[in-house]
Amino acid sequence: MTEIEVTLGEPEPTKGGPASIRWSAKDTTVVIDSEVLARIEAHTAEDMSLECGGVLLGRVDEVVGLIAVLEAIRADGATRKADSLRFTHEVLADIHSKRERFFPGLHIVGWYHSHPGYGIFLSAD
C-alpha cells in the first residue's frame, strides 16, 4: 500500500452525506466517519500513560484520490509503552481475523496511535 502524508488542518464537515470529517493533502482526500473518530478518541483517552492504537478500515478510490475511513479495530494486546506501541504477530492476526469476520468488504487503509502527553509530531520511522 502506498503511504500518504496528510497534513491536518481544520476538519471540514462533509455536506449532504453522513456525518464525517475530511482532510486533504496534495491529490488525496481522507474522509473519516465521525462516529469512528469518536471511538478512536475515546480509546486513546482510556489510559493517557501508555500509547495505544489500532487499524483504520475503509475503501480507497485511487481514480479520484479518496480514502474513506469507515471503521477501526483496536490493537488490544499490543506491546504498549509511554513512548511506543508495537503490534505483535498475534495482535495482527487478531486484527485480520476481526476484519474478515466483521468487516469483509473493507480494507486496512491505515493505522492510528496515540502520543500520550507528547502532542502531535511526525514519527521518525
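The protein exposes about 8500 Å², and carbon and sulfur atoms supply 55% of that area. This is a predicted model. Of its 125 residues, 34% count as buried.

**Fold**
- The secondary structure comes to two helices and eight strands.
- From the N terminus, the elements run β-β-β-α-β-β-β-β-α-β.
- Among contacts between residues at least 6 apart in sequence, 56% join residues at least 24 apart.

**Salt bridge between Glu71 and Arg39**
- Four salt bridges turn up in the whole structure.
- One of them pairs Glu71 with Arg39, with the closest N and O atoms 2.5 Å apart.
- Glu71 sits in strand E5 and Arg39 in helix H1 (residues 34-45), so the bridge ties together parts 32 residues apart in sequence.
- Glu71 counts as buried at 18% relative accessibility, while Arg39 is partly exposed at 40%.

**Network around Arg74**
- Salt bridges link Glu46, Arg74 and Asp76 in a network.
- The side chains of Arg74 and Glu46 meet at 2.9 Å, N to O.
- Arg74 belongs to strand E5 and Glu46 to the loop between H1 and E4, so this pair joins parts 28 residues apart in sequence.
- Arg74 also bridges to Asp76, at 3.1 Å, N to O.
- Glu46 is exposed at 53% relative accessibility; Arg74 is partly exposed at 31%, and Asp76 is partly exposed at 40%.

**Nonpolar surface patch**
- Val63, Val64 and Leu66 form a nonpolar patch on the surface, with about 300 Å² of accessible area together.
- Val63 lies in the loop between strand E4 (53-61) and strand E5 (66-74).
- Val63 is exposed, with a relative accessible area of 79%.

Key. Residues numbered from 1 in each chain as written. Predicted model: local features only at pLDDT ≥ 70, side-chain atom pairs only at ≥ 80, totals over all residues. Heavy atoms only, no water. Patch = residues over 30% accessible without salt bridge, like charges linked within 9 Å, V, L, I, M, F, W, Y side chains within 5 Å. Areas by Shrake-Rupley, 256 points an atom, 1.4 Å probe, with all protein chains shown as cover. Helix = DSSP H or I, 4+ residues; strand = E, 2+ residues; numbered from the N terminus. Buried < 20%, exposed > 50% of the residue type's maximum accessible area, 1.4 Å probe, protein only. Contact = heavy atoms within 4.5 Å.
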